Amino acid sequence: MDRNSKKAWLYLLPSLILLGLFLVYPLIDVFVYSFEECFNFASQTYEGVGLYNYLYVLHDPYFLQAVENTFVLVIITVPVSTGLALLISTGLSSIQPLRNLFQTVYFLPYVTNTLAVGLVFMVLFQKTEYTDGLINLVIQLFGGESIDFINGPHWAKMFVLCFYTVWVVMPFKILVLTSALASVNPDYYKAARVDGTSRTRIFFRITLPMISPMLVYLVITGFIGAFKAYSDAVALFGTDLNAAGMNTIVGYVYDMLYGDSGGYPSYASAAAIILFVIVLTITCINLLVTRKQVRE
Amino acid sequence: MNTSMKSNKQLSTALTYVVLILGSIIMIFPFVWMILTAFKTQAEAMAIPPQILPSNWNFDNFVTALESLPFVNLYVNTGLLILFRVLCAVIFSSMAGYAFAKLEFPCKNLLFGIVLVQMMLPSQIFITPQYLMLAHLGLTNTIFALVFPGLVSAFGTFFLRQTYLGIPNEIAEAAYLDGCNKWQTFTKVMFPLTGSSMAALGIFTAVFAYSDLMWPLICNTDLNMMTLSAGLSTLNGQYTTNFPVLMAGSLLAMIPMVILYLAFQRNFIEGIAMTGGK
């Protein structure tokens, strides 16, 4: 080994040791756990190696519910939040007066504690024996029937969760898109305006293609983030997500480990590996589809 | 023709403002409601029709929240968590990123591939083995436990590698000719040049550490060793229907970060904008 590459290893050493210790080793560990059958946490023993943990998880109605919830959440929130963020950031970039004020307001939720705001959403949407939440009062004002969004029908709970998730992820997306829009070369716009191109046409023919790499980045990270949803659901529906029928895949992993039904690291590991396979598949599909579109 | 185009433009500008104002009301409303509710009595918070302003602006609910949770510990724990995670992530990622971008060594591509795979994995799947490791070492309920999974950042390594790739090699060569050795070139010349990227990585790491709920809940079950997020979630269990106290607690948890954001708003937006631009 020559002197230079020895030096390079010195730079890498801290990261490599830590990555190995905290990420590579645990990853191998998760795989091992997920195949050990009847693992006993107290005695650290197991009875066999096989696919039983996976079969158990895949037949657990709570897990299937969690998968369904997670998919609904992903399919609704990713397009909605990306679309709205595009709308808002385009609006922000097209105005001059008050722009800074608007930016402050739109970016503020990014630094706030999602759990704290989740509690506010719960208060706003909840309907208890004593009182209707503010949202229900507004619904009644318009002649509608009040609904319990927190303990009521499943679609209502899903609506709140989606609404809240969109609210939480918007600031970051607006932030990224605002800066992407700012980095588009203004000469393109000038040229288009000289040619008398309409605003809609400018948007679809110049703006959108120019910021498409950033949109792709947002969609991919949005999918990954939405699949990992957990703390949003806890903030709205409390820690017993299975009882509320609002569990997510990550929530299921947590419950299997530490919840009231916890103490099953094997099932948790199997569920985590299933989540990983889902995320990896979706990310690969995303990359393939978007690569094609960006090239066009 | 000209006037119709002009009024058309005015109309679309007006429409833009309407959309932006509606949007910002939705974004800001939860905060406003949180502040108002925190000052109400329980009866006022549940009144029908809803009472918008509290009749008495007093701090009773804040006192109750402060008494139910060891807020000083929570602030200190969260502060230490953020400090250590940001420092370690920035320093180690800088070193590794520099090596990946500017130095030659065997197995470079293989190692970098491993870093990329780590980035794509959901961090939750590491939680079980990380916890078991910690439990074996008997280190649960410590600050170290909070910090430990965030000491190294695969994302940060990738991110800073991209930054170092953007710095021309001539700068390093010039430093070398001026008599710097490799380490000095890194610490005195290259490292300071990545300031804004490090700031952006620091912000990402800090916001993530601050909002992270699952790991702090798992590793530290002692209330005195929890972070703000974790502590707040236990307050939710204690005061399920006492909204004013819940809101006061939430407000207390949020205030430091909001103040920091408002103070460093410009650097914050620039720091993140820079990542978006690439």
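**A friendly note on chains A and B**

1. Let's start with chain B of this predicted model.

2. A word on confidence in chain A. Its mean pLDDT is 80, with 90% of the residues of chain A at 70 or more. Within chain A, helix α3 (residues 61-93) has the highest confidence, at a mean of 91, while strand β2 (residues 48-49) has the lowest, at 71.

3. Now for the contact between the chains. Chain A puts in 78 residues and chain B 69 residues. On the side of chain B that touches chain A, helix α1 (residues 2-38) of chain B gives the largest share, with twelve residues. That side of chain B is made up of 49 nonpolar, 18 polar and two charged residues.

4. Back in chain A, have a look at how two helices pack. Helix α7 (residues 154-182) of chain A meets helix α9 (residues 199-227) of chain A at an angle of about 155°, and their axes are 10 Å apart. Because angles over 145 degrees count as roughly antiparallel, α7(A) is roughly antiparallel to α9(A). The crossing of these two helices, α7(A) and α9(A), is right-handed.

5. Which residues in α7(A) and α9(A) meet? From α7(A) come Val169(A), Lys173(A), Val176(A), Leu177(A), Ala180(A) and Leu181(A). From α9(A) come Thr207(A), Ile211(A), Met214(A), Leu218(A), Gly222(A) and Gly225(A). By class, this contact of α7(A) with α9(A) has eight nonpolar, three polar and one charged residues.

Notes
Residues are numbered from 1 along each chain as its sequence is written. Chains are lettered from A and ligands numbered from 1 in the order in which they are written. This is a predicted model: local features need pLDDT of at least 70, side-chain atom pairs count only at pLDDT 80 or more; totals for chains, interfaces and linings use all residues. pLDDT is the predictor's confidence in each residue, from 0 to 100. Helices (H or I, at least four residues) and strands (E, at least two) are DSSP runs, numbered from the N terminus. Two residues are in contact if their C-beta atoms, placed from the backbone, lie within 7 Å. Ala, Val, Leu, Ile, Met, Phe, Trp, Tyr, Cys and Pro count as nonpolar, Asp, Glu, Lys and Arg as charged, and the others, Gly among them, as polar. Axes are lines fitted to C-alpha atoms, for helices over the stretch in contact, and angles run from 0 to 180 degrees between N-to-C directions. Angles under 35 degrees count as roughly parallel, over 145 as roughly antiparallel, 65 to 115 as roughly perpendicular and the rest as oblique. A crossing is left-handed if the near helix is turned anticlockwise from the far one by less than a right angle, and right-handed if clockwise.
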